[in-house]
Amino acid sequence: MAVFLKRASRRDCEAVIADIRPADEAELIASDGDARMVVIKGWLASPSYCWAGYDECGRTLGVFGVYAESWYWSCPWLVGTRALESRRREFAALSFRVFPRVRARFPNMRNFVDARNSASIAWLSKLGFTMGAPVERGPYGLPFIPFWIGGGDECVIR
């Protein structure tokens, strides 16, 4: 059983939207209200760094990318499918191998994760991101945890 990466396409985004993990869908709705548009906007915002994970059967497991938020900060993101649940270990192992290269290209990254998304919080922590105190975000004012890496180990998100 193997997990592979390729440049993400609109088709990959549509595959993720069609089979989105419930926790990821809840997070995207809580953050923006429209999960489908968040995936497409993330893909469009990350033209130089957006990848799709897939298995040996060609099933899309998720899409992830990084886009420039400012001259200093970059914003990492990932949206997974239900199929990813059966490949969590392989995907995690691949992400740990790839992350040093991502970090070299984007030394200062930050974003928010839904406080209810325990699997994503654990994965981000294992990658080395620092977790902040929950803050209210999105149209429903639900708690989101700011996370960051780099930036002098200090992150101020407004």
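Which element gives the largest share of the lining of the largest pocket? The legends below take up this question and related close-ups of a predicted model.

**View 1. The largest pocket and its centre.** The volume of the largest pocket is about 910 Å³. Its lining is made up of 42 residues. Closest to the pocket centre are Cys75, Pro76, Trp77, Leu78 and Asn111.

**View 2. Elements around the largest pocket.** Helix 4 provides the largest share of the lining, with 6 residues. Among the elements that give two or more residues are four helices: helix 2 (22-32), helix 3 (35-45), helix 4 (88-105) and helix 5 (118-127). Strand 3 (60-68), strand 4 (74-80), strand 5 (109-114) and strand 8 (142-149) also give two or more residues each.

**View 3. Residue classes in the largest pocket.** Nonpolar residues number 28 in this lining. Polar residues number 7, and charged residues number 7.

**View 4. The second largest pocket.** This pocket has a volume of about 310 Å³. It is lined by 13 residues. Arg88, Ala92, Ala119, Ala122 and Trp123 are the closest to its centre. Two or more lining residues come from helix 4, and two or more from helix 5. The lining of the second largest pocket holds 8 nonpolar, 1 polar and 4 charged residues.

**View 5. Strand 8 and its surroundings.**

**View 6. Strand 5 beside strand 8.** Strand 5 and strand 8 run antiparallel and are joined by 6 bridges. Within this pairing, Phe112 stands opposite Pro146 of strand 8.

**View 7. Strand 6 beside strand 8.** Strand 6 spans residues 130-131. Met131 has Phe147, in strand 8, as its bridge partner.

View 8. Strand 7 covers residues 135-137. It pairs with strand 8 in the antiparallel sense over 3 bridges. Arg137 stands opposite Leu142 in strand 8. The hairpin has 4 residues between the strands. In this hairpin, Gly138 takes a positive phi near 75°.

Note on methods: Residues are numbered from 1 along each chain as its sequence is written. This is a predicted model: local features need pLDDT of at least 70, side-chain atom pairs count only at pLDDT 80 or more; totals for chains, interfaces and linings use all residues. Side-chain values use heavy atoms; hydrogens and water are left out. On a 1 Å grid over the protein atoms alone, a cavity is a set of points where a 1.4 Å probe fits but cannot get out, and a pocket is an open set with protein on both sides within 12 Å along at least five of seven lines; lining residues have an atom within 4 Å of a point. Grid points are joined across faces, edges and corners, and a volume is the space filled by probe spheres set on the points. Ala, Val, Leu, Ile, Met, Phe, Trp, Tyr, Cys and Pro count as nonpolar, Asp, Glu, Lys and Arg as charged, and the others, Gly among them, as polar. Two strands pair if DSSP finds at least two bridges between them.
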